[in-house]
Amino acid sequence: AEDGYDLWLRYPPLEKDIRDQYRPQLQRLVIPKSEQSPTLKAIERELVRGVGGLLERRPVIEERISGDGFVLVATPQSSRDVRAQNFPLKALGEEGYLIRATTIRGHKGTVVTANSERGLLYGSFHLLRLLQTRSALEGVNIETRPQIGLRVLNHWDNLDRSVERGYAGQSIWDWWNLPDILDPRYTDYARANAAIGVNGTVLNNVNASADSLTPRYLAKAAALADVFRPYGIRVYLSARFSAPVEIGGLDTADPKSSAVQRWWNEKAEEIYRYIPDFGGFLVKANSEGQPGPQDYGRNHAEGANLLARALKPHGGVVMWRAFVYQQDNPEDRAKQAYSDFVPLDGQFDDNVIVQVKNGPIDFQPREPFHPMFGAMPKTPLMMEFQITKEYLGFASHLAYLGPMYEEVLRADTFAAGPGSTVAKVIDGSLHGHRLTGIAGVANIGSDRDWSGSTFNQANWYVFGRMAWDPRLSAEEVARDWLKITFSDNPVLLETGLDMMLASHQAVVDYMTPLGLAHLMATGHHYGPGPWVSDLARPEWNPAYYHRADKYGIGFDRTREGSNAVAQYAPAVAARFASRNDVGDGLLLWFHHLPWDHPMPSGRDLWQELVHRYDRGVASAQALQNQWRSLEPLIDPERFDKTARLLAVQAREAKWWRDASIAYFQSVSKRELPRGSAKPE
Ligand code: GCW
């Protein structure tokens with residue numbers, strides 16, 4: 001059944017004409033030494049399954065190439081035939097690969113080669129992707145290596161199997177039955193991630209329980225690490241800063257205490273006994289009530305280095321989060337992380353990487369890029385994207401996040417002159433860092449389709465693809481995904497692409513248009529709540545963000561306001577500070593403007609706001625209609641579930657619009673513009 005379980009590892013028979021073209025090219029599979037290596041075995045299993053399924057004919061497994069139509073998967077060390085070809089592998093590093101059509105000893109075929117078995121793994125998945133997307137093998141010549149080193153999923157999964165901000169069931173980690181029972185799903189999880197190049201996973205929530213570092217749980221994490229290892233995936237854990245007190249019996253977690261340093265050193269040694277290739281720690285400290293170094297009057301660098309020194313002898317890293325803002329701090333929340341971290345540039349140990357959310361507040365439908373990107377040249381910074389849609393309609397709404405990721409990665413920080421994109425900050429090229437990373441907060445759960453809907457899978461997929469190559473466009477990734485997930489029917493592709501590429505802006509329009517942010521209902525963040533203004537922490541109130549009153553709306557972050565613009569490089573600051581140049585998308589993020597402010601459309605601000613809400617609703621309805629038109633091209637199971645979700649989205653887009661406009665109208669006291677849709 002098409003229940004979505006297979007993700008992008010679907011290998012149904014290709015169209016007959018395409019299949020017939022491929023068959024002679026993929027007759028025999030040669031993977032030297034696969035008997036000894038779990039990774040090579042995994043490759044062989046995948047290729048047999050993939051080629052066998054797509055072409056409805058299993059390739060023959062051979063020791064040595066014996067005829068045309070071979071696929072040789074080997075490093076120069078494992079195959080003399082590869083060695084003899086002298087492929088240019090130097091530039092491919094540890095994980096890159098080369099796929100090339102070639103002739104060996106008179107036989108025509110395809111070689112997948114690399115410097116390591118991990119490279120072979122990624123190359124083999126790429127070969128399968130070529131078939132899934134019906135790309136020609138004739139003359140194929142692909143050379144690629146990942147631009148970013150650590151490409152990791154962050155699971156906000158708790159030890160009781162609940163998932164913070166998870167909307168696809170329970171955690172897939174069955175802690176109770178681990179380590180003895182290994183759900184086959186763990187292997188499929190590893191396959192799916194390897195197929196898109198994800199090479200790390202943080203198993204537990206950043207709001208961490210110290211229990212995850214106890215022997216009982218380390219044994220469970222080790223069992224998962226054993227499953228993932230052949231697929232090139234390392235395990236990391238979120239560490240609770242106060243663990244030395246909670247599970248270590250110490251009376252302090254102060255980084256300056258030698259007993260505390262000793263405790264972490266010993267803990268690291270213990271962890272590496274369980275998991276010899278353990279990746280390291282992810283830490284949320286002094287953020288939203290979590291313990292941290294500031295509890296002892298120490299700063300983030302002192303806290304991060306404490307853990308980094310414990311991991312250092314074993315090769316582990318600390319991913320230290322910059323998502324911090326304090327209770328009772330009067331500073332604009334959008335400025336606080338920069339204020340805390342930028343002065344510490346140069347003070348972090350070399351195995352610390354600071355993990356920064358894409359924007360300065362919190363995964364809002366649209367935010368400007370975080371001002372820390374480019375502002376800490378001496379410190380490696382990694383990106384944190386959210387794949388789960390906490391603020392974008394959970395798993396129910398369709399919002400393809402590719403365009404949002406692309407917008408952020410391509411944003412120019414001007415940190416070292418024009419062209420200093422966020423992508424170049426995080427791939428290390430701008431400031432010459434070797435330690436590089438990108439994290440995605442997973443949208444994975446125990447649901448049969450992993451992510452709560454078919455289209456949500458595309459967000460996991462695009463995260464992986466862009467982590468490998470941040471210069472990819474959202475569109476080309478969406479096209480691949482549609483072909484793999486459904487088919488390459490041109491109507492389906494055209495309509496599907498339209499839907500995906502319009503969907504994120506649609507959500508922005510009906511939730512937080514024109515650069516507004518954080519208008520969601522309290523706590524769960526589902527549905528509108530712009531009227532909320534009485535929460536104890538002011539910066540949790542939507543009113544803190546929109547600042548709407550009789551005269552106008554928006555957050556003034558110019559010099560006259562919070563001056564958050566000054567945290568950006570001068571060229572960027574000047575653009576953001578200008579009402580005319582900032583652009584519609586972020587207008588009210590940076591400016592407080594009167595309701596009658598004239599917009600480029602000829603409407604005034606109030607009319608424009610209403611127009612955007614209407615436009616969002618219209619887009620949500622369009623998604624629904626477009627999908628309906630595809631019914632004959634899609635299997636009933638996935639068609640129906642998606643159709644139902646799109647109906648929910650269209651209904652809730654109206655809810656968002658009507659509630660938001662009703663509220664803003666009660667403040668602005670303005671008439672609804674003529675021609676705008678009447679609230680229902
Ligand atoms: O987006 C917010 C979420 C919290 C989350 C926090 C964070 C894990 O509402 O649930 O906590 O961000 O990123 O730490």
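This is a short walk through one predicted protein model, from its overall build down to a few single residues.

Hi everyone, thanks for coming. Two bits of housekeeping before the tour. Residues are numbered from 1 along each chain as its sequence is written. Because the model is predicted, local features need pLDDT of at least 70 and side-chain atom pairs count only at pLDDT 80 or more, while totals for chains, interfaces and linings use all residues.

Let's start with the whole thing. The protein has 20 helices and 16 strands; both are DSSP runs numbered from the N terminus, helices being H or I with at least four residues and strands being E with at least two. Its radius of gyration is 26 Å, close to the 26 Å that the globule rule gives for 680 residues, so the protein is as compact as a globular protein of that length. For that number we take C-alpha atoms, and the rule is 2.2 Å times the number of residues to the power 0.38. Along the principal axes, the C-alpha atoms fill a box of roughly 80 × 65 × 50 Å.

How much of the protein is buried? Buried residues make up 54% of the 680. Here, buried means 20 or more other C-beta atoms within 10 Å of a residue's own, exposed means 12 or fewer, and partly exposed is in between, with C-beta atoms placed from the backbone. Contacts use those backbone-placed C-beta atoms too, with a cut-off of within 7 Å. Among contacts with a separation of 6 or more, 72% join residues 24 or more positions apart.

Now the domains. The assignment, which is automatic or from a database, gives domain 1 (16-144), domain 2 (150-266 + 276-285 + 317-323 + 333-484) and domain 3 (508-555 + 592-668). The C-alpha centres of domain 1 and domain 2 lie 31 Å apart. Their contact takes twelve residues from domain 1 and ten from domain 2. On the domain 1 side, the elements giving two or more residues are α2 (38-55) and α4 (117-132), and α4 gives the most, with six. That side divides into five nonpolar, three polar and four charged residues. For the classes, Ala, Val, Leu, Ile, Met, Phe, Trp, Tyr, Cys and Pro are nonpolar, Asp, Glu, Lys and Arg are charged, and the others, Gly among them, are polar.

In the model, residues 131-450 are 27% helix and 13% strand, with end C-alpha atoms 24 Å apart. Residues 452-675 are 55% helix and 2% strand, and their end C-alpha atoms are 37 Å apart.

Next stop, the ligand. Which residues are around the ligand? They are W156, E164, R165, V206, N207, K284, S287, E288, F323, D362, F363 and E390, where near means a backbone-placed C-beta atom within 6 Å of the molecule. By class, that shell has four nonpolar, two polar and six charged residues.

On to backbone details. L178 and P179 are joined by a cis peptide bond, with omega about 0°, and P179 lies in the loop between β7 (150-154) and α5 (184-196). Two residues other than glycine deserve a look for their positive phi: D328, at about 65°, and W450, near 75°. D328 sits in the loop between β11 (317-321) and α10 (333-341) and counts as exposed because it has 7 C-beta neighbours inside 10 Å. W450 belongs to the loop between β14 (437-441) and α13 (454-468), and its 26 C-beta neighbours inside 10 Å are why it counts as buried.

Helix α10 itself is mostly covered, with seven of its nine residues buried. Those are R333, A334, K335, A337, Y338, D340 and F341, and they pack against α9 (300-311) and β12 (352-357).

Last one: G496, in helix α15 (residues 490-511). Why does G496 count as buried? Because it has 27 C-beta neighbours inside 10 Å. Leaving aside neighbours within four places in sequence, G496 is in contact with L482 and F486. G496 and L482 are 14 residues apart in sequence, and their C-alpha atoms are 7.1 Å apart.

That's the tour; happy to take questions!

Notes: Two residues are in contact if their C-beta atoms, placed from the backbone, lie within 7 Å.
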